[in-house]
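I opened this entry to keep track of what I looked up, one place at a time. The notes follow the order in which I went through the model.

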Amino acid sequence: MTLQFPFEHTYAALPANFFARVAPTPVASPRLVKLNRGLAVQLGLDPDQLATPEGAEILSGKRLPEGADPIAMAYAGHQFGHFVPQLGDGRAILLGEIIDRDGVRRDIQLKGSGPTPFSRRGDGRAALGPVLREYIVSEAMFRLGIPTTRSLAAVISGEGVMRETMLPGAVLTRVASSHIRVGTFQFFAARGDTDGVRRLADHAIGRHYPELAQADRPYHALLDAVIARQADLVARWLLVGFIHGVMNTDNTSISGETIDYGPCAFMDEYNPAKVFSSIDEMGRYAYGNQPRIALWNLTRLAECLLPLFSDDKDKAIEQAQFALGEFAEKFTAAYQAGLRAKIGLFTKADGDEALVQDLLDAMTSNQADFTLTFRRLGDVALDADNDEAVRGLFINPTTFDEWAARWRQRTALEPQTPEERREAMHRVNPAFIPRNHRVEAVIQAAMNHDDYAPFEELLTVLSKPFEEQPSFAAYADPPEADQRVTQTFCGT
Ligand code: AMP
Ligand code: MG
């Protein structure tokens, strides 16, 4: 019996230049190392069937499930500011789309499943480490409430992949509300293919923003909607200390999901200039640059849409500029509201922005841990006896004392009880994030000892990031000096 996936194929029904039809290349001996059972159920798939040897073959691309119509999507993109007219899925293959239990259409994509016509010089494969990192971080983001692609499975291929050294190969099954990127629009725009841009825009509207099809100017409305979602997304990243690492236009999703987890990381001590990615030498994608880069990427999207806006180029540019001008306000509103919630404010008052900025500045100069400072601030809100837990995170604890005095004056103006404030703060300030040293340790255990127990335990902890979980308290701790991860490497 062949496993049934209730696939649909709306993307593969688009014109032939949108993709290349290509089957995955079978791997030697696939072994399932992780199945996301809850997500399988959400997709209407039977987790028990996926967990069979046949399931592992499907989730590695060795065997095609019935109804699959495998394609590699075409796209272009600006990589670190330089335009590449053809990128495309060089090591990913879309098997098809499934309507999930909530009625949402989801792409089911294998990543690391072999070469495609877009592979350029790459081998089409993925190494185990980056596959596990993407699994952990994407699922952690989901549990933090941040829009993201998800991970259905990780399968070891039984083959080596050559990077700087020989590494175990793996395939990730990624689930996304779509894989349409800013770079997908650029692919057609760069070829002067306005009809292609229009077909893609219509598809994206139908899929992600169906209500806009009725708008007076649907393509303008599409740009507005993507701007709004990206502004919200980047604000959410900043509010949990997430650094994407490779915010190229081909890694910027039209749906507003976080996509393409490569050398991404959560920061420990707060520092807006923080960069982890080994390939980001100029700090283009540093933590604090992310809003600016999102706007830069959205500007590239707007350029693609100009021919759909108006035949009058000046008018089209003016309209695009107006739309892009909204980004800053949307981002700032989301970010500031998030920050107010992080310090436990229920209302908005003059001086709040300065109050929270002064805390952030003090955290920077005192190398205070981002996640712990905000988490423990909730306990401080409950009882001043808890101050030590936060002030101890600052090199110079009196900096915190001075700030806390101002903060208490401000919170005293609100009617909420300390218990209410703490509870509200703990709902937005996670105790547990995928700290780099933990992710690294998990990957090492899997790679060196074929031990997935640490991976499973980390996933368990990260599935409830806002709960205390006393038995896993150590997972909340920042790294010791010798555990610090200073660089992350690209997911290739
Ligand atoms: P990424 O940095 O993963 O977003 O990938 C950028 C581009 O390089 C995309 O077109 C990928 O498909 C392609 N790529 C990355 N790694 C590989 C690989 N191992 N083989 C083929 N193509 C790859
Ligand atoms: Mg990419």
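Leaving aside its neighbours within four places in sequence, which residues is glutamine 186 in contact with? I noted first that I am working from a predicted model, and then I listed the partners of glutamine 186 as Ala76, Gly77, His78, Phe83, Thr249, Arg300 and Cys304.

**Entry on glutamine 186 and its helix**

I placed glutamine 186 in helix H5, which covers residues 182-189. Its relative accessibility is 4%, and since buried means under 20%, glutamine 186 counts as buried. I also looked up the C-alpha separation between glutamine 186 and valine 197, which lie 11 residues apart along the chain, and found 8.3 Å.

Two of the partners, Arg300 and Cys304, turned up again when I went on to the packing of H5 against H8. The axes of H5 and helix H8 (residues 290-309) come within 9 Å and cross at roughly 35°, and the crossing is left-handed. On the H5 side I wrote down Val182, Phe185, Gln186 and Ala189, which meet Asn297, Arg300, Leu301, Cys304 and Leu305 of H8. Sorted by class, the residues of this contact are 6 nonpolar, 2 polar and 1 charged.

**Entry on the magnesium ion**

I next looked up what holds the magnesium ion (ligand 2), and found that Asn251, through OD1, and Asp260, through OD, coordinate the ion at 1.9 to 2.1 Å. I checked the accessibility of these two residues as well, and both asparagine 251 and aspartate 260 are buried.

**Entry on H4 and H16**

For the next pair I took helix H4 (residues 128-143) and helix H16 (residues 453-462), which pack at an angle of about 15° with their axes 9 Å apart. Because angles under 35 degrees count as roughly parallel, I recorded H4 as roughly parallel to H16. H4 passes H16 in a right-handed crossing. The contact is made by Leu132, Tyr135, Ile136, Ala140 and Arg143 from H4, together with Phe455, Leu458, Leu459 and Leu462 from H16. By class I have 8 nonpolar residues, no polar ones and 1 charged in the contact of H4 with H16.

I then turned to helix H10 (residues 352-366) and helix H11 (residues 370-382), whose axes are 11 Å apart and which pack at an angle of about 135°. That angle makes H10 oblique to H11, and the crossing of the two helices is right-handed. Leu359, Leu360 and Met363 in H10 meet Phe370, Thr373, Phe374 and Leu377 in H11, and the residues of this contact divide into 6 nonpolar, 1 polar and no charged.

In the loop between H10 and H11 I found glutamine 367, where phi is near 50°, a positive value in a residue other than glycine. I marked this for the notebook because most residues other than glycine have a negative phi. Glutamine 367 has 53% relative accessibility and therefore counts as exposed.

**Entry on arginine 120**

Is arginine 120 buried or exposed? At 57% relative accessibility, arginine 120 counts as exposed. I located arginine 120 in the loop between strand E7 (105-111) and strand E8 (126-127), and its phi is near 50°, again a positive value in a residue other than glycine.

Technical notes
Residues are numbered from 1 along each chain as its sequence is written. Chains are lettered from A and ligands numbered from 1 in the order in which they are written. This is a predicted model: local features need pLDDT of at least 70, side-chain atom pairs count only at pLDDT 80 or more; totals for chains, interfaces and linings use all residues. Side-chain values use heavy atoms; hydrogens and water are left out. Donors are N, O and S atoms within 2.8 Å of the metal (3.2 Å for Na, K and Ca); water is not among the atoms, so sites may look incomplete. Buried means under 20% relative accessible area, exposed over 50%, partly exposed in between (1.4 Å probe, protein chains only). Axes are lines fitted to C-alpha atoms, for helices over the stretch in contact, and angles run from 0 to 180 degrees between N-to-C directions. Helices (H or I, at least four residues) and strands (E, at least two) are DSSP runs, numbered from the N terminus. Angles under 35 degrees count as roughly parallel, over 145 as roughly antiparallel, 65 to 115 as roughly perpendicular and the rest as oblique. A crossing is left-handed if the near helix is turned anticlockwise from the far one by less than a right angle, and right-handed if clockwise. Contact means heavy atoms within 4.5 Å. Ala, Val, Leu, Ile, Met, Phe, Trp, Tyr, Cys and Pro count as nonpolar, Asp, Glu, Lys and Arg as charged, and the others, Gly among them, as polar.
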